[in-house]
Amino acid sequence: MNEYVDPGALGEVMQAFSSDTVHIDISAILPVRAIGKTVKSSRKYQQIACSIREIGLVEPPVVCRDKQRTNTFLLLDGHLRIEVLKDLGETHVECLLSSDDEAFTYNKRISRLSAIQEQRMIAKAIERNVPKEKIARALDINVRSLVRKATLIEGICEEAVALLKDKMCPMAVFDVLRKMIPIRQIETAELLINANNYSVGYASAILAGTPQAQLVNSSTPKRIKGMTAEALSRMESELSRLQQAITSIQDTYGQDHLHLTVLRGYLAKLVGNTKIAKYLERHHPEFFSEFKSIVETTA
């Protein structure tokens, strides 16, 4: 029976960060790690710089008070942002004040935006009449690339979008999907997920093995460099058999796993019994060695 604990008896939970942000002189902030010489020429640094120039600081840097020096703060997270602000000639910055000196960073606790999530973010900004030029400058891309990102899921069925919405798929994968009819898009998305492979090469291989009738332009023959019509036909049949085999395994995987787990437990009891173990080792050594290897299997 669980013992009831009065929440008030536990005392107040200490907050890791101050409830309010604080404005600090940039010269009073000391970095806890050095910035490499080549960082400022990196793509990441340029994107942060463009974003801050266009829309300002989105995520405030995290600092804590220096226990040895008054009016001095240690920079726990946001080194690149601080460097950009220095380059822009800023003297003060709004920071999140930490109560601990642990180098906590949000970037280690979040997932990166998938292509579809980024598309939805851009599409919402455009719907709210934010100029495309401004969005493009904030993302450090040209307007043409922005339009391509904004129209990423055009021609993709809702079911395939739902399957891939949080997957890190390259944009070119959606160009491949767009060449297929909706039902084949769903099948392809499932194949990508099952294989945990979202590369353009794998998507193109699935396209090569897609029957002509499942393509948007079914009247136009597929042409893939280095492959004959006969080779494409064989690939289609092989891929179809592979997909059927994967589906069959998925349907019985849970039940098979349960049976194997029960059998492994039963064999562990047999091998653990001294008399049975000695009998098997003496009269059926081949079975005994196999039983032992199954019992010792951990995965």
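Lys 167 forms a salt bridge with Asp 166, their closest N and O atoms lying 2.9 Å apart, where a salt bridge is a side-chain nitrogen of Lys or Arg within 4 Å of a carboxyl oxygen of Asp or Glu. Asp 166 is partly exposed, with a relative accessible area of 45%; buried stands for under 20% relative accessible area, exposed for over 50%, and partly exposed for values in between, with a 1.4 Å probe and protein chains only.

This is a predicted model, in which local features need pLDDT of at least 70 and side-chain atom pairs count only at pLDDT 80 or more, while totals for chains, interfaces and linings use all residues. Residues are numbered from 1 along each chain as its sequence is written, and side-chain values use heavy atoms, with hydrogens and water left out.

| Salt bridge | Closest N and O atoms |
|---|---|
| Lys 167 and Asp 166 | 2.9 Å |
| Arg 184 and Glu 187 | 2.9 Å |
| Glu 83 and Lys 86 | 3.8 Å |

Arg 184 and Glu 187 are three residues apart in helix α8 and are therefore separated by about one helical turn; both residues are buried. Salt bridges that share partners join Lys 40, Glu 83, Lys 86 and Asp 87 into one network. Glu 83 is buried at a relative accessible area of 18%, whereas Lys 86, at 40% relative accessibility, counts as partly exposed.

Helices here are DSSP runs (H or I, at least four residues), numbered from the N terminus. Helix α8 covers residues 182-195, and its 14 residues should span 20 Å at 1.5 Å a residue, which agrees with the 20 Å between its end C-alpha atoms; the expected span is 1.5 Å times one less than the number of residues. Among the buried residues of α8 are Ile 186, Ala 189, Leu 191 and Leu 192. Just after α8, Asn 196 takes a positive phi of about 50°.

Val 200 lies in helix α9, which runs over residues 200-208, and counts as partly exposed at 30% relative accessibility. Leaving aside neighbours within four places in sequence, Val 200 is in contact (heavy atoms within 4.5 Å) with Pro 170, Ala 172 and Val 173. The C-alpha atoms of Val 200 and Ala 172 are separated by 6.3 Å, although the two are 28 residues apart along the chain.

Technical notes: Helices (H or I, at least four residues) and strands (E, at least two) are DSSP runs, numbered from the N terminus.
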